[in-house]
Amino acid sequence: MLDEADLTALFLTLKLALTSTFILLVLGTPFAWWLARTRWRFKFLIEAMVALPLVLPPTVLGFYLLLLLGANGPITALGAAPLAFTFTGLVVGSVIYSMPFVIQPLHDAFQSVGKRPLEVAATLRASPWDRFFTIALPLARPGFITASVLGFAHTIGEFGVVLMIGGNIPGQTQVLSIAIYDHVESLEYASAHWLSGALIILSFIMLVLVYAGNKRFRVFRI
Amino acid sequence: MSLDISFNLQREDFAMNVDLSLPDSGITAIFGPSGSGKTTLLRAIAGLENIPGGKITFNGQVWQDTANFISTHLRAIGYVFQEPSLFPHLSVKQNLEYGLSRVPAEDQRIPLKESIALLNITKLLERHPHTLSGGEQQRVAIARALSVSPRLLLMDEPLSSLDNKLKQEILPYLESLHRELSIPVIYVSHATDEVARLADNLVILKAGEILGSGPIQEMLTRLDLPLAHRNDAETLIHATVTTSDTEFGLSTMTSGELDFTVPGNALPTGTSARLRIAAHDVSLTLEKQTGTSIQNIFPVTVVELQAENHAQIMIKLQLGDMPLLARLTRKSVEELGITPGLQVYAQIKSVAVLA
């Protein structure tokens, strides 16, 4: 069965995934909107940067974040408290690590909305903000669902980044994947089973709920 | 009061030069082949395209000049796009209310009820756009454009995405729009049949240049413009039904001093309609013929001749105070000695009523 430490790790993981996904949606929406609409010549540079976490080994990302957020990093030099080995540090890492999984679906969704519905809305007296909230957002809904699911799931599954910048502090930075790794390391296979099984069931239930609630939309659009 | 537009557009692959003053009543058709800049012109009027250095004023209100650019949502326009472009996440009713709810109550001159009735979409209100046919969608799109009570209605080939049957279904609605609402309409089209039926004024565009603009009768018959040189070059005449003859199933339609006999007597007396006379259905005689089957024979004066090709000549005639086109062979023209100023008789073999 799951012991208290496992449950703590489970709740910490959910908290981390929810927080990161929320932050990514809030920051990612205007960013993806801008990316989808801009005719800036060097847009591809930004796109490449957003996609970078997709191809980098998570440990590389984690390593640089550790340097950046650690006790001797530039952040602390500016007077801020070091974020390495804290939950906030984990959130920063997760946001960067899961960014492409949220930005990409939002970008695609806004792009597939196209110019026309917004032009029509403009001829119907809707101001730019009005058009964004009444036309662009509702039409991009499938993209938001995909972005949330992918962002959430990807954060739950991360390991390398978390290990580098979060370490393994129970109750603060010990997430599920690391707890499972710990169990396996200590040859506690039964505990590893329980935790892994719980994760599988949890992920499956989440996806089932999302798919069932959005039969009209394909969650994964490639 | 009118709509004045002037701009100069230089793009890599396209140049456009516009200086127009359009009347603020009736339907003005922007006519030209695809790629001639019709849609660009319409989008500039709507503010969907910002052409640097352009100047647009509507009834004294500056929409664009060097210092100002009024955004689309602040211009008193309605716009019907080529595709219906209904909002897929809203029902038909919500699509109509989208515009209505954004117009202050005191500016709502066209009640939603009226446009719903005019376009016959009462039964569609609760449905979602994807369940409607193309023709139904376009009718809803027209009603939606009217929902903001526009002072100027812009229509970008609203029928071009529809097949011929649906076109015939929607044309009457456009005509009743014309009759019942006093909103000036700018109607982009490349189809002469639509233009002949709907337009009061015509702007002819070609490769970004305006070849001519004015009343449709004049534009159709000016020999320096391309419309008078089509295979189916035609003359339009506004006429009113004065008598109808049940014995032979004919009607008399009168325009000024002239009475035209036309087949069919379905239209009630007093109805106005457009008569269309094809240039190839008009022949000329030096004396008035008797013993002919032709019903419509009028004295006319030759105004202008222009060779179409080696064999044929287009002749512009004066019929009362109206122009009339006739296409004859060069041989006949030479044999009859037809020259400008000559008084002859025009025999019109067939007159079509556009209604």
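Author: Two residues are in contact if their C-beta atoms, placed from the backbone, lie within 7 Å. Keep that cut-off in mind; the model here is predicted.

Reader: Into which domains is chain B divided?

Author: Chain B has domain 1, residues 2-221, and domain 2, residues 234-354. Their C-alpha centres are 34 Å apart.

Reader: How many residues of each domain of chain B are in contact with the other?

Author: Apply the cut-off across the two domains. On the domain 1 side of chain B, seven residues take part. Domain 2 of chain B brings 10.

Reader: Which elements of domain 1 of chain B give two or more residues to the side that touches domain 2 of chain B?

Author: Look at helix 6 (192-198) and helix 7 (216-221) of chain B. Helix 7 of chain B gives the most, with five residues.

Reader: What classes of residue has that side of domain 1 of chain B?

Author: Three are nonpolar, two polar and two charged.

Reader: Now the chains. How many residues does the contact take from chain A and from chain B?

Author: Chain A supplies 13 residues and chain B supplies 16.

Reader: Where on chain A do the residues that touch chain B come from?

Author: Helix 6 (116-123) and helix 7 (128-139) of chain A each supply at least two. Helix 6 of chain A has the largest share, six residues.

Reader: How do the residues on the side of chain A that touches chain B divide by class?

Author: That side of chain A has eight nonpolar, two polar and three charged residues.

Definitions and conventions
Residues numbered from 1 in each chain as written. Chains lettered and ligands numbered in written order. Predicted model: local features only at pLDDT ≥ 70, side-chain atom pairs only at ≥ 80, totals over all residues. Domains from an automatic or database assignment. Helix = DSSP H or I, 4+ residues; strand = E, 2+ residues; numbered from the N terminus. Nonpolar A, V, L, I, M, F, W, Y, C, P; charged D, E, K, R; others polar.
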